[in-house]
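This briefing is for a reader new to the structure. The sequence and the model are shown first, and notes grouped by topic follow.

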Amino acid sequence: MRRILPFVIFLLMVIGNVFSQSVPLLEKRVSIQAQNERIDLFLKRLSGEVGCVFSYSSSAIDVSKNFSGSFTNQSTREVLEGVFQGSVLYKERGVYLILTPAPVSEKEVTISGYVVNESTGERVRNATIYNPITLRSSTTDEFGFFEFQVKNPAEEDFQLIVKKENYADTLVFAKSKRSYFQNISLKIDPEKLLAWTKDSTGQTKDFWLWNKNSAGAKNIANMGDTIYRDFQLSLLPFLGTNRKLSGSVVNDWSVNVLGGYSGGTKKAEIGGLFNIDRGEVGKFQAAGLFNYNGGLVRGFQAAGLANVNLDSSKAFHAAGLANLVAGNLEGAQVAGVVNISTGSTTGAQVAGVANYTHQDVTGTQVSAVLNVGRKVTGSQIALLNYADSISDGVPVGLISFVRTGYHVVELSSNEVLPMSLALRTGTRPFYNLLFAGIRPESTGPTTWSFGYGIGTSPRLGKKLYLNIDFSSEQLNQGTVSALNLINRANLALEYQVARKVAVFAGPTINYRVYEADYLFHPDLFTGYFPKFLKERVQTDSQIGEQVWWGFKAGIRFF
C-alpha cells in the first residue's frame, strides 16, 4: 500500500498539470487587487497567480507607473487590458506571456473582448459578430473571446451586430479611431428558445454543411434573418465578397470561380465547379459539376454531373448524370442516367437509364430502361414501365405493368401449336404479350415456342372488343438450334362471357423466316395444312420465307 500511494499522488499531479495546461494562460481566471502599485511589481505578483513568466522590454513598455484596480475571477487577458488599456499586445509562447506595444494605425481598428450571458455571467462560445455593411465577421472561441479587425475605418463610428441562436440580437457601437477591449452581454430570447424547441427540423435542415465546426457553419446557426446583396463573387465557400456570412446572404447575381455557398439566388448564378444555395434559386443556375439547393428552384438549371434540389421545382433541369427534386416538379428533367422526383411531376422526365416519380405524373416519361410513376396522366416510353394507373396516354415498352390496368392470362390454339399460354399486361390501348406454346410429339423431342408481341384492344360494345396483335414466335424442337421465326398479325373479336372471363377468335396472317439449310426443323402445322400464299428460298443466304393465312382462338381470364 505504501508503494502504491506515491504513484497515485504522482499520477494525480500529472493529470492536474495536464488539465491546467489545457487552459491558455490568457484565459486563466484570477482574483487580484492593486492599490497604487508599480506595474512591474504587479506583473510579478500576477505571474505567480497565473503560473507564467512575463517577457517585455521596459524601454518599450512603461512599467514604472503606478496602478490601482480590483479583479475578481477574471481572465488574465481582462486583467492586462485593465492595466494597459489596449496599449499592449499579448502573445503566448509556452509558459511565457510576451508583451509588445500595440501599433497605432489609422488604417485598421481592432475591437476585442468577451461575449457573456447577462444572467449567468458565463462566456458564450460560437457567437457571431459582424459588420452589416462590409459583412466582415468573427466568431467567439471556446472561451467566448472574439477579435474583430476593421480595415480602413470610416470617419464616423460604425455598428457591429452580435448574434447567437436562442439569444436576443445585440447592437454594438464601435469607435472608428481607436482599438479597444469590450465585454458584450447577451440576453436569452424566450421566443427564439421556444421556436428552437418546437422546430426539430431546424437542426437537420442544414445537414449537408461539410464542417459544423467551421466559422461559416456557426454563423448560419446564429443568423436568424437574411441579408440581401445585388452581386457576389467568390473563389470557394466563405472566400468571397460575402465572407463568412455567405450562407446567410441572398444575391441577385452570383459568380463562383470554383465554387460558392450562399443563402439563395434571385436572378442568376454561375459556378466553375459547383453552386450550393441554402434557399431558393430563381431564373438561371449553371455549374461545371453540380448544383445543390435547399429551396424552391425556378427557371433553368444545368450541371455537368448532377442537380440536387431539396425542395420543389418549377424549372427545366439538365445534367450529365442525374437530377433530383425532393418535392414536386413542374417543368422538365433531362439527364444522362437518372431523374428522380420525390413528389409529383408535371411536365417531362427524359433519361438515359431511368426516371422515377414517387407520386403522380402528368406528362411524359422517356428512358432507355425504366420508368416509374404512381398515377400517370400521359405516356411512359422505356424498356420497362411501371404505374399504379395510367390515363390519357399509353405505356410503350418491352414490358409495361399498370397495377390497376390490363392483366390477362390467355389460353389459345392455332394451326401451328395446339396449346399456348400468354400473359397480356399494360392497358387496353397498348399492351405487351409474353407467351409460350407446346406440341407433344409421338416420336422425338417436344415441339415448343416462345415469343413476344404488342397489341391494342378498342371497345366495340358493352362486352365486345376488337383485338389487334402483332407478335414474333421462335418455333423449336428440343433445343433452339436454328432460326425458325413466325411473325404474326392477328385480328380477333373478344366477347366477355363473365365478369373475368372472355372468349376470342379471329384470322391471322403469318410470315415465317427460317434457315432453309437446317434439316431438323419441326413440322410446321398441326392437323390443318393451309395453302402458302408465298414460298421461296434465297439461294445466296439460304433463308426461307413462307406466308399463309391462319386462325387463332382461345379463352382469357382477367
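Predicted model: local features only at pLDDT ≥ 70, side-chain atom pairs only at ≥ 80, totals over all residues.

Two residues are in contact when heavy atoms of theirs lie within 4.5 Å. Among contacts in the protein chain between residues at least 6 apart in sequence, 39% join residues at least 24 apart.

**The chain as a whole**

- The protein chain has 558 residues, of which 43% count as buried.
- Its secondary structure consists of 5 helices and 45 strands.

**Confidence**

- The average pLDDT of the protein chain is 86, and 87% of the residues score at least 70.
- Over residues 13-20 pLDDT stays under 50, and the model has 1 contact beyond four places in sequence for this stretch.
- Residues 193-210 also stay under 50 in pLDDT, and for them the model has 21 contacts beyond four places in sequence.

**Helix α2**

- Helix α2 covers residues 39-50, which is 12 residues.
- From the first C-alpha to the last, α2 reaches 16 Å, close to the 16 Å expected at 1.5 Å a residue.
- The buried residues in α2 are Ile39, Phe42, Leu43, Leu46, Ser47 and Val50.
- Seen down the axis of α2, these buried residues fall within an arc of 140 degrees, so they line one face of the helix.
- On the face turned away from the buried side, α2 carries the exposed residues Lys44 and Gly48.
- The elements against which the buried residues of α2 pack are the strands β1 (29-38), β2 (53-55), β3 (66-75) and β5 (96-101), together with helix α3 (76-84).

- Gln85 follows α3 and has a positive phi, near 55 degrees.
- The axes of α2 and α3 come within 12 Å and cross at roughly 175 degrees.
- Because angles over 145 degrees count as roughly antiparallel, α2 is roughly antiparallel to α3.
- On the α2 side, the residues that meet α3 are Ile39, Phe42, Leu43, Leu46 and Val50.

**Leu434**

- Leu434 belongs to strand β39, which spans residues 430-439.
- Its relative accessibility is 32%, so Leu434 counts as partly exposed.
- Apart from neighbours within four places in sequence, Leu434 is in contact with Ile399, Leu421, Ala422, Leu423, Gly451 and Tyr452.
- Leu434 and Tyr452 are 18 residues apart along the chain, and their C-alpha atoms are separated by 4.9 Å.

**Leu239**

- Leu239 lies in strand β15, made up of residues 239-240.
- With a relative accessibility of 52%, Leu239 counts as exposed, since the term applies over 50%.
- The C-alpha atoms of Leu239 and Gly259 are separated by 9.5 Å, and the two residues are 20 residues apart along the chain.

Conventions
Residues numbered from 1 in each chain as written. Heavy atoms only, no water. Helix = DSSP H or I, 4+ residues; strand = E, 2+ residues; numbered from the N terminus. Expected span 1.5 Å × (residues − 1). Buried < 20%, exposed > 50% of the residue type's maximum accessible area, 1.4 Å probe, protein only. Arc of directions from axis to C-beta. pLDDT = per-residue confidence, 0-100. Axes fitted to C-alpha atoms, helices over the stretch in contact; angles between N-to-C directions. Parallel < 35°, antiparallel > 145°, perpendicular 65-115°, else oblique.
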